[in-house]
Amino acid sequence: MNPDKPSSPHRRGFLCAAATFTALLLAGSSTRAAGIVVRDARGIDVAIADPSRIVAIGGAITEILHDLGLDDRIVGVDTTSTFPASVLRDKPNVGYMRQLSPEGVLGLHPSLILAMQGAGPRETMDVLEAAKVPMVLVPETFSEQGILDKIAIVGHTLGLDARAACLTRKVGDDLEQLRKLRAAIAKPVRVMFVMSLLNGRAMTAGKNTAANEIIRLAGAVNAIDQYDGYKPINDEAIVAAQPDVVLSIERGKDTLQANAIYAHPAFAMTAVARNKTFIAMDGLYLLGFGPRTASAARDLAIRLYPNLAAATPAASTHFDCDK
Amino acid sequence: MTAATSDARAQSTTIGRPLRPTAATALGVLAVVLGVISIFALTIGAAGIPLNRLGAALGITAGDATNALLARDHLVLWSIRIPRIAAAAAVGGLLATAGALMQGLFRNPLADPSLVGVASGGAFAAVATIVLIDSRFGEGLRFMQTELLPLGAFAGSLATTLVLYGIASRSGKTSVSLFLLAGLAIAAIANAGIGLLVFVADDRQLRDITFWLLGSLSGATWSKVTAALPVLLIGVAVALAIARGLDMMILGESEAFHGGVNVERLKRITIVLISAMTGAAVSICGVVSFVGIIVPHLLRLMIGPGHRLLLPASMLLGAALVVVADTLARTIVAPAEMPIGILTAAIGAPFFLVILLRQRTLIGP
């Protein structure tokens, strides 16, 4: 399902070139038809007639629309769309992306639905399809190329291939900077991503997860490589995995999460508790795989390797590709 | 554990029935089984402590005190593996004894704390804390978020029992069948509530809820064990004190009353015991189904229905079953964890069926 494996750090500039190429290809194909036709994640060719009222489902899609200067066209978002908060404060919310209700979405009279692959439930998606509102499912791939593809497909859907190419170029530059930063890391640290700690049970990220990929992008190693997805982990396996750092997503303002990790009998035996290395970051920023992912990975890398901070310029968090 | 233990008295009085071991033999055998299983459970785990280091790591035999590996093994054993085995045994004992009590009280072999809503009420409270702690309602409680879930589960079980008891009691008398039926309704309400919370939960909370509802002993600590142990010991002691009354209840409530049993007090005590024991188990490990129904049944087939033996035997066999299931849960998919509820059913149910098939002529048409 995922042909875009993360490319090797040696192929410099490859991502940029690939992104531009994708954008050009898409731009070329669109001139043939009268309107715009997009092949989405389902492999369906969707004809776009009027991209003026958009329901955006998925935080990364909303961010891309914002970076393309299309805030005004968004008539509704889902609960995972949390950035930028100033823009989204007044937008109607259709609920959580996997628990959508068809009436909530259709009630906003969208002329286009841009949804992340994995939006659901299936019954709702079937109703939305039957309602004949053009719906583009954007492929979700946790990789550098996946981010560039998302931008290209959103840009193409809206007939803004040039702006999208500008954005992919900038994001590609950031990812390139990040690659240079990773090359300077001598000894990668072992990071364990803890999704939750419930009654002493840790749920951690294995392979094929957004967390696994962001850890790799930040120049670290996922301490868990024996299973796929997010699963509850054995306490003894936490000790055996020898994590140097625990990474998690922020929940509220308190620091109790860190203390709960340090007090946990298994984490207490690792370097995490000894060196107090719990890190929590915003969920969408860290795991969204949108335009800000390079910046999130860089922030993480600098917290993991503080001596790298001086050596590298900051990645962009705001992209000015709205002209 | 075999029924073939020689016992002249049983032989002479139960012609055509299976031979039953004496109380001392049965409890002795079960205790040995539990001991052997626990020692076996001690030797395996994801941290991979080799057998030749186990003695030293336990602190029994002398070892090189400066060895860093040995120090780690010692910690893994004493702060992760041993408390977890102890918690598994406690949970198994609690659930099986509560199940035996409930079946005795209702004179119904299908009664189980998870059936009458006591476990469902606890699960609902636990799921509510998972979801609401992240909302603005939960802000004031976040300072105690690690303790909130087990406390919530325990309180939920107790509250459900109180409501049920209130429904089933009228003018000082408790209707057992009303308790059972109302329990089914309460379980349905609790499950609807869980469904509603699942609906509003986000991805992370959904995963937490799913794994909570399937049960797991991961995260067991000494503090949880020491909290559950008094409930187990006091519970079993009280249960033994009312065992004779429960035996009389088998004949019927009025027969028990005429036999000199304070029936209403017996019912009240039993209900409190069941809810406290189930609540303690649910607060440690979530919902572990099937232990409460399978263990007492197995034992009734092997040692007979007398509660004075059935209750402590249930505690021992329940403990053994859950220790086995949990040992599998923490090792077969290591480094991940298998939910234990799957394993108790997968181990217990076929075993139960085999016993039923072998003895179905004895149970009657």
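Trainee: Among contacts in chain A between residues at least 6 apart in sequence, what share joins residues at least 24 apart?

Mentor: That share is 62%, where two residues are in contact if their C-beta atoms, placed from the backbone, lie within 7 Å. This is a predicted model, in which local features need pLDDT of at least 70 and side-chain atom pairs count only at pLDDT 80 or more, while totals for chains, interfaces and linings use all residues. Residues are numbered from 1 along each chain as its sequence is written, and chains are lettered from A and ligands numbered from 1 in the order in which they are written.

Trainee: How many helices and strands does chain A have?

Mentor: Chain A has 13 helices and twelve strands, which are DSSP runs numbered from the N terminus (helices H or I with at least four residues, strands E with at least two).

Trainee: Is A276(B) counted as buried or exposed, and what makes it so?

Mentor: A residue is buried if 20 or more other C-beta atoms lie within 10 Å of its own, exposed if 12 or fewer, and partly exposed in between. A276(B), which lies in helix α12 (residues 263–285) of chain B, has 21 such neighbours and therefore counts as buried. Leaving aside residues up to four places away in sequence, A276(B) touches V231(B) and G235(B), and its C-alpha atom is 7.6 Å from that of F154(B), although 122 residues separate the two along the chain.

Trainee: Why is G28(B) called partly exposed?

Mentor: G28(B), in helix α2 (residues 23–43) of chain B, has 13 other C-beta atoms within 10 Å, so it is partly exposed. The C-alpha atoms of G28(B) and G104(B), 76 residues apart along the chain, are separated by 23 Å.

Trainee: Why are α13(B) and α14(B) called oblique to each other?

Mentor: Helix α13 (residues 291–303) and helix α14 (residues 307–331) of chain B pack at about 125°, with axes 9 Å apart. Axes are lines fitted to C-alpha atoms, for helices over the stretch in contact, and angles run from 0 to 180 degrees between N-to-C directions. Angles under 35 degrees count as roughly parallel, over 145 as roughly antiparallel, 65 to 115 as roughly perpendicular and the rest as oblique, and α13(B) and α14(B) are therefore oblique. Residues of α13(B), including V291(B), L298(B) and I303(B), meet residues of α14(B), including L309(B), A313(B) and L321(B). By class, this contact has twelve nonpolar, two polar and one charged residues (nonpolar being Ala, Val, Leu, Ile, Met, Phe, Trp, Tyr, Cys and Pro, charged Asp, Glu, Lys and Arg, and polar the others, Gly among them).

Trainee: What makes β4 and β6 of chain A the edges of their sheet?

Mentor: The open sheet has four strands in the order β4-β3-β5-β6 (chain A), with parallel pairing, and two strands pair if DSSP finds at least two bridges between them. β4 (74–77) and β6 (135–138) of chain A each have a single partner strand, so one side of each is left without a neighbour in the sheet. Strand β3 (residues 54–57) of chain A pairs with β4(A) over three bridges, and V55(A) has G76(A) as its bridge partner in β4(A).

Trainee: Which element gives the most to the side of chain A that touches chain B?

Mentor: In this interface, 32 residues of chain A are in contact with 35 residues of chain B. α9(A) gives the most to the chain A side, with six residues, and that side divides into 18 nonpolar, seven polar and seven charged residues.
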